[in-house]
Amino acid sequence: DMVCSAVEESYDLLSIGYRSAVCIIDMKTGEKVRKIPAMERGAEDQVRSTGFHHYLISIGGRCGVSFFDIRNESFLMVGERGRTTNMNTGDGWMLRNDEYYQDFGGTNQKQAVYTHCFDPSGLRLFVGGGPIMAGIKGAYASLW
């Protein structure tokens with residue numbers, strides 16, 4: 001099931017986010033260029049939003065945003081050990097009612113990223129989201 005999409009007009013690319021992957025489509029030919037698996041492992045419904053900044057694709061998911069370089073065909077890595085870059089969301093706000101305590105046992109939960117976009121310079125990223133589970137009320141917004 002398609003859950004999100006984004007367009008990079010300068011390069012005629014379309015990204016379509018599905019539950020556990022993002023497909024990149026060449027808008028000139030209509031052909032699939034690449035399928036990118038979600039970085040987060042272990043659960044379905046990981047992809048929630050997708051965006052472009054030139055050849056960099058950002059993928060919002062259950063707990064944050066990961067970045068994939070189309071030219072190098074790899075997720076961005078940082079540090080000496082080549083760890084994958086994944087910017088995680090914080091706690092945000094959640095209504096801590098009976099349903100929350102029943103589902104999470106009172107533990108803090110990261111917020112899913114349902115929307116994100118770069119500013120024109122590409123140096124800042126707005127991230128907005130909320131709880132991953134239906135029925136739980138909450139919100140998250142941040143400027144990274």
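## Overall make-up

The chain's secondary structure comes to one helix and 15 strands. Helices (H or I, at least four residues) and strands (E, at least two) are DSSP runs, numbered from the N terminus. This is a predicted model, in which local features need pLDDT of at least 70 and side-chain atom pairs count only at pLDDT 80 or more, while totals for chains, interfaces and linings use all residues. Residues are numbered from 1 along each chain as its sequence is written, and side-chain values use heavy atoms, with hydrogens and water left out.

## Size and surface

The chain has a radius of gyration of 16 Å. That agrees with a compact globule of 144 residues, which would have a value near 15 Å. The radius is taken over C-alpha atoms, and the globule rule is 2.2 Å times the number of residues to the power 0.38. Along the principal axes, the C-alpha atoms fill a box of roughly 50 × 35 × 30 Å.

Buried residues make up 39% of the 144 residues. Buried means under 20% relative accessible area, exposed means over 50%, and partly exposed lies in between (1.4 Å probe, protein chains only). Among contacts (heavy atoms within 4.5 Å) with a separation of 6 or more, 37% come from residues 24 or more positions apart.

Strand β3 covers residues 21-26. Five of its six residues are buried, so β3 is largely enclosed by the rest of the structure.

On one pairing, five bridges join β3 to β2 (residues 13-17), and the two run antiparallel. Two strands pair if DSSP finds at least two bridges between them. I16 stands opposite C23 of β3. Three residues lie between β2 and β3, which form a hairpin.

β3 also pairs with β4 (residues 32-37), again through five bridges and antiparallel. Here I25 has K32 of β4 as its bridge partner. The hairpin of β3 and β4 has five residues between the strands. In this hairpin, G30 takes a positive phi near 80°.

## A look at K110

Where is K110 found? It sits in the loop between α1 (98-104) and β13 (112-118). K110 is partly exposed, with a relative accessible area of 40%.

Leaving aside neighbours within four places in sequence, K110 is in contact with R62, C63, T89, G90 and M94. R71 is 39 residues from K110 along the chain, and their C-alpha atoms are separated by 31 Å.
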